[in-house]
Every structure is written in C-alpha cells, then in structure tokens.
Amino acid sequence: MGKIKLRPFAIIPSYSTSSAYTLVLAEMEGNRKLPVVIGEGEAQAIALDLENIKPPRPLTHELMKTIMLSFNLTVAEITIERFHEGIFYSTVSVLDQDGNYRDIDARTSDAIAMALKFNCSIFATEQVLEEAAIILEQPEFKEEMAEETKENDLTTMSLEHLSQLLKEAESNEEYEDASKIMAEIERRKHL
C-alpha cells in the first residue's frame with residue numbers, strides 16, 4: 001500500500017451547512033486534491049496553525065500536544081488510511097521515548113490538526129486518492145480569473161460580484177481562487 005504525501009491547500013466554508021468546512025489537501029508531487037469535510041472547531045484550529053496564530057488560551061489540539069510532550073511522546077506522521085461510505089479513516093503514528101511507534105485511530109480532521117501542531121507529514125494511501133481525490137485542471141477558468149482580477153482587484157469588487165466569483169470558483173473546483181475570494185469576503189465582515 002503506497003503512501004502519498006499531502007499538504008493543506010485551502011479551507012473553504014460550506015454553503016449547505018453553516019458549521020462545516022472543506023479542507024482541501026493537495027498532493028505534493030501531483031495535481032490531485034483531496035477534499036475533506038471538517039467541523040468548525042477543527043477548521044478554526046487548522047486555520048490558526050496555517051496562519052501561525054497562537055490563541056490566548058490553548059485549544060484542544062494544543063492541550064493534547066502539551067500533554068504528549070510532557071510524557072515524551074510525539075506525532076511522527078498521520079495517514080489517511082481508507083475512505084468508506086463518504087468517511088475518511090485515519091491513524092496518528094505516535095513515537096514514544098523508547099523509540100516505539102503506535103498507530104492510533106483518529107478522526108481525519110483531528111489527525112491533520114495534530115500533524116500541523118507537531119509539524120509532521122500528512123499522507124494518504126494511493127487507494128484513498130484513487131477513490132476520493134479530484135484533479136483540478138481548468139486553465140480556461142484560471143485565465144478568466146486572472147483577467148478578472150487584473151481588471152478589478154478583489155479589494156475593489158462589490159460583495160455581490162465577489163459572491164458570484166466565489167460560486168464560479170467553487171463550481172469549477174478552483175479552490176485556491178475560491179479561498180482568496182472568501183478571504184476578501186471574510187475580511188470585509190470584520191471591518
């Protein structure tokens with residue numbers, strides 16, 4: 001069973017459920033993307049880590065890291081092992097002070113959050129990628145988006161126009177463009 005290294009690519013809010021997000025993981029050496037639906041708390045924890053923001057009080061994953069380190073345990077890697085009936089199954093490989101590894105079953109969102117806390121690798125099996133990954137290659141949309149943003153910087157567009165662009169980006173599975181648009185929409189909500 002081959003393992004493929006992944007990296008966080010984008011976090012996209014779900015428009016069907018207000019408390020859900022899609023974390024998109026990208027293949028390190030390829031063009032497949034793995035969309036994983038996660039909860040609001042995990043999305044927040046992952047986003048904070050990706051942005052290197054430290055909350056004033058420890059969140060759950062930070063608490064877990066502190067407890068593990070106090071017992072000389074570390075997360076070596078995480079692996080998304082399988083995909084069944086729309087659910088991803090993952091393991092966290094924990095290394096103890098004696099050099100022994102133990103694989104622990106975990107929700108994929110928690111496993112990814114722990115991988116980011118310990119700055120370790122995220123993997124998925126080839127079978128998971130074959131079953132659940134998507135390939136994002138739509139150069140005509142990227143060129144269209146590039147033209148659009150050249151003519152009108154996202155910061156100068158109306159919220160209505162940004163919403164329209166966001167819907168187009170999501171329907172074309174252009175998650176990187178969608179995350180930039182969503183970031184601008186979110187920035188305006190906090191003004």
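Author: In this predicted model, strand E1 (residues 3-13) and strand E2 (residues 20-27) form an antiparallel pair held over 7 bridges. Within the pairing, Pro13 has Tyr21 of E2 opposite. Helix H1 (residues 40-50) packs on the sheet and touches E1, E2 and strand E3 (32-39). The direction of H1 makes about 125° with that of E3.

The sheet as a whole is open and has 8 strands, in the order E6-E5-E4-E7-E1-E2-E3-E8, with mixed pairing. Strand E6 (101-106) and strand E8 (134-135) each have a single partner strand, so one side of each is left without a neighbour in the sheet.

Another pair of elements is made of helices. The axes of helix H2 (residues 60-70) and helix H3 (residues 108-117) come within 10 Å and cross at roughly 60°. H2 and H3 are therefore oblique to each other, and their crossing is right-handed. On the H2 side the contact involves His61, Glu62, Met64, Lys65 and Met68, which meet Asp110, Ala113, Met114 and Lys117 in H3. By type, the residues of this contact are 4 nonpolar, 1 polar and 4 charged.

A word on confidence: the mean pLDDT of the protein is 85, and 86% of its residues reach 70 or more. Over residues 138-143, however, the pLDDT is below 50, and this stretch has 9 contacts in the model beyond near neighbours in sequence. Residues 145-152 also stay under 50, with 11 contacts beyond four places in sequence.

Definitions and conventions
Residues numbered from 1 in each chain as written. Predicted model: local features only at pLDDT ≥ 70, side-chain atom pairs only at ≥ 80, totals over all residues. Heavy atoms only, no water. Axes fitted to C-alpha atoms, helices over the stretch in contact; angles between N-to-C directions. Helix = DSSP H or I, 4+ residues; strand = E, 2+ residues; numbered from the N terminus. Parallel < 35°, antiparallel > 145°, perpendicular 65-115°, else oblique. Left-handed = near helix turned anticlockwise from the far one by under 90°. Contact = heavy atoms within 4.5 Å. Nonpolar A, V, L, I, M, F, W, Y, C, P; charged D, E, K, R; others polar. pLDDT = per-residue confidence, 0-100. Pairing = 2+ DSSP bridges.
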